[in-house]
Amino acid sequence: MLQIENYTKRYGDFLAVDRLDMHVRPGTLMGFIGHNGAGKTTTLRSVAGILDFEDGTIRIDGTDIKQDPIRVKSLTAFIPDNPELYEFLTGAEYLDFISDVFELDDHDRQERITKYANSFELQGNLSDRVSSYSHGMKQKLALIGALIHEPKLLLLDEPFVGLDPIAARTLRGYLREVCDKGGAVVFSTHVLEVAQKICDEIAIIKNGRLVVQGETQELTQNASLEDIFVELSESEVL
């Protein structure tokens, strides 16, 4: 579902990501782990088509994101760690706008909006302006907007920050649902206990380089994900 090969990103003289290779198979829920500044957000933004890059290729469902960016965007959804929404719209207007972008018909949009809004306990607030929403409510609205077109690849940057425990549990269920339908999920997080519990695979990035990728169960046979991460963070060897 996602193929990243020799991906390199620079900001001036600073090498943010260095020759990254990472593949994510259909049906996989992957946790993308790394310290602050390791290159996680940069990578996710390039995969989402928001950030250009100098070298390498990124393919989603077999399509090169530079050769056919419109098709790729129709297959993906990306939520940054601090989503910026159109605050002058109501929640319902925002979701209608997202539905229009992805050309959802009236039946599908209403069915999905009702489903996700009820699940995230936001149904009663859709007539309110987004500017009146709390951070957690905005996060829920962004999640509904990401899920509404049933993306094949879901990219999330720290998705559990700001969510209450019930909403976090609901989100975990929907992440698994995307994978069960043959899609894939890649999300960055600092909550390593959650990553170890729900992820099929883990990828750890350090100083712009991928240092570990493998099945969660195999990686954590003899140590917790937290112990592995701390050991790699303290190690000078890449």
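Colleague: In which helix is V101 found?

Modeller: V101 is found in helix α3, which covers residues 91-101; helices here are DSSP runs (H or I) of at least four residues and strands are runs (E) of at least two, numbered from the N terminus. Before going further, please keep in mind that this is a predicted model, in which local features need pLDDT of at least 70 and side-chain atom pairs count only at pLDDT 80 or more, whereas totals for chains, interfaces and linings use all residues. Residues are numbered from 1 along each chain as its sequence is written, and side-chain values use heavy atoms, with hydrogens and water left out.

Together with Y86, F88 and F97, V101 makes a nonpolar surface patch of about 410 Å². Patch members have over 30% relative accessible area and no salt bridge, with nonpolar side chains joined within 5 Å and like charges within 9 Å.

Strand β6, residues 76-79, is covered on both faces, with T76 and F78 buried on one side and A77 and I79 buried on the other; buried stands for under 20% relative accessible area, exposed for over 50% and partly exposed for what lies in between, with a 1.4 Å probe and protein chains only. Four bridges join β6 to strand β7 (residues 153-157) in a parallel arrangement, and within this pair F78 stands opposite L155. Strands count as paired if DSSP finds at least two bridges between them.

There is also an open sheet of four strands with antiparallel pairing, in the order β2-β1-β4-β5. Because β2 and β5 (63-64) stand at its edges with a single partner strand each, one side of each is left without a neighbour in the sheet. Between β1 (residues 2-11) and β2 (residues 14-24) there are seven bridges, and Y11 has F14 of β2 as its bridge partner. Two residues lie between the strands of this hairpin, where G12 takes a positive phi near 65°.

Another of the 19 salt bridges in the structure joins D164 to K140 at 3.2 Å, N to O. D164 sits in the loop between β7 and α6 (165-180) and K140 in helix α5 (residues 135-147), so the two tie together parts 24 residues apart in sequence. Here D164 is partly exposed at 29%, whereas K140 is buried at 9%.

Finally, K181 and E150 form a salt bridge whose closest N and O atoms are 3.8 Å apart. K181 is in the loop between α6 and β8 (184-188) and E150 in the loop between α5 and β7, so the pair ties together parts 31 residues apart in sequence. Both belong to one network of salt bridges that share partners, which joins D108, R112, K115, E150, E177 and K181.

Terms used
Accessible areas come from the Shrake-Rupley method with a 1.4 Å probe; for residues, only the protein chains shown count as cover. A salt bridge is a side-chain nitrogen of Lys or Arg within 4 Å of a carboxyl oxygen of Asp or Glu.
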